[in-house]
Amino acid sequence: MTTILYLAVGPRGERSWSRRGGAEVLARLQRRHPDARVVVRDLAAQPPPLIDAVFADAILRPAEEWDAADREVLGYSEQAIGELEAADVVLIATPMNNYTVPATLKAWIDHIVRIRRTFVGSPQGKVGLLRDRPTYVVTASGGYHTGEGAAVQPDFLTPYLRAILATIGIRDVRFLSLQGMTRGPEAMAQAHESAKATLDLWFGA
Ligand SMILES: Cc1cc2nc3c(=O)[nH]c(=O)nc-3n(C[C@H](O)[C@H](O)[C@H](O)COP(=O)(O)O)c2cc1C
């Protein structure tokens, strides 16, 4: 059985373009894997705890040295990593906030990118410990971060997610960006048209 981990990030519920795009990708994935088990992690409904001093110290010590407080503070991290390890396909739907990932997604990343747990250091750089798997990222932004012109914004979201997922071993990553979502109906229609073309390319029309 295929397990799909769906990470929904944006706080705008039904009105969220990234969630709507995520739901569309999920529907296409379910068509491909009709018996798939879907695990939903809603970061807006349940934001990950922020990293504290206990966490920061514990991850640098071997697990045998952890006490009850360390284990408790690492509970969320273990659960989130477990969900990732169990997933055959990962789907992330996220807004762009201030050119990059929203704080909730960054907080989740701080829990799942852990030395000696999901990556190890080496003279050649960090080596991921998770197996690679197809990963789909749907992003929504009010403006544009591709194309030409003075209004095109920097994009730290796409390269950051690519780099951070590669750090833990996930390199098979595809991005679908819904851009211009606060720029009126014409811009939105164009975004949907281009998204549909990308989805048809990925999954077939
Ligand atoms: C705190 C915040 C920061 C934002 N930063 C950006 C940004 O840097 N660039 C951009 O194009 N849009 C930005 N937006 C607009 C959102 O990306 C846009 O409304 C998007 O559709 C939100 O995703 P959603 O529709 O899934 O909720 C920002 C919105 C918020 C609330």
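The structure is a predicted model. Its ligand sits in the largest pocket, and 16 residues lie around that ligand.

**The ligand and its surroundings**

- Of the 16 residues around the ligand, those that come nearest are Ser16, Ser18, Asn98, Gly143 and Gln153.
- By residue type, the shell around the ligand consists of 6 nonpolar, 9 polar and 1 charged residues.
- One nitrogen atom of the ligand lies 2.7 Å from a polar backbone atom of Asn98.
- An oxygen atom of the ligand is found 2.8 Å from a polar backbone atom of Tyr99.

**Asn98 and Tyr99 in the loop between E3 and H5**

- Asn98 is placed in the loop that runs between strand E3 (89–95) and helix H5 (103–112).
- Tyr99 is likewise found in the loop between E3 and H5.
- Although Asn98 is not a glycine, it has a positive phi of about 50 degrees.
- Tyr99, which is not a glycine either, has a positive phi of about 75 degrees.
- Asn98 counts as exposed because its relative accessibility is 73%, and exposed requires a value over 50%.
- Tyr99 has a relative accessible area of 36%, so it is classed as partly exposed.

**Asp52 in the loop between E2 and H2**

- Asp52 belongs to the loop between strand E2 (37–42) and helix H2 (53–58).
- A polar atom of the Asp52 side chain lies 3.3 Å from the backbone nitrogen of Val54.
- With 34% relative accessibility, Asp52 counts as partly exposed.
- Asp52 and Glu65 are 13 residues apart in sequence, and their C-alpha atoms are 18 Å apart in space.

**Ala69 in helix H3**

- Ala69 is part of helix H3, which covers residues 68–73.
- The relative accessible area of Ala69 is 44%, and therefore this residue is partly exposed.
- Ala69 and Ala163 are 94 residues apart along the chain, with a separation of 31 Å between their C-alpha atoms.

- Arg131 lies in the loop between strand E5 (127–128) and strand E6 (135–140).
- Because its relative accessibility is 42%, Arg131 counts as partly exposed.
- From C-alpha to C-alpha, Arg131 and Arg171 are 9.4 Å apart in space, while 40 residues separate them in sequence.
- Ser141 is located in the loop between E6 and helix H6 (157–167).
- Is Ser141 buried or exposed? Ser141 counts as buried, because its relative accessibility is 5% and buried means a value under 20%.
- The C-alpha atoms of Ser141 and Ile164 are separated by 20 Å, and the two residues are 23 residues apart along the chain.

Terms used: Residues numbered from 1 in each chain as written. Predicted model: local features only at pLDDT ≥ 70, side-chain atom pairs only at ≥ 80, totals over all residues. Heavy atoms only, no water. Near = heavy atom within 4 Å. Polar contact = N/O pair within 3.5 Å; in protein donor to acceptor, adjacent residues only side chain to side chain. 1 Å grid on protein atoms, 1.4 Å probe; cavity = no way out; pocket = protein on both sides within 12 Å on 5 of 7 lines; lining within 4 Å. Sits in = over half its atoms within 2 Å of the grid points. Nonpolar A, V, L, I, M, F, W, Y, C, P; charged D, E, K, R; others polar. Helix = DSSP H or I, 4+ residues; strand = E, 2+ residues; numbered from the N terminus. Buried < 20%, exposed > 50% of the residue type's maximum accessible area, 1.4 Å probe, protein only.
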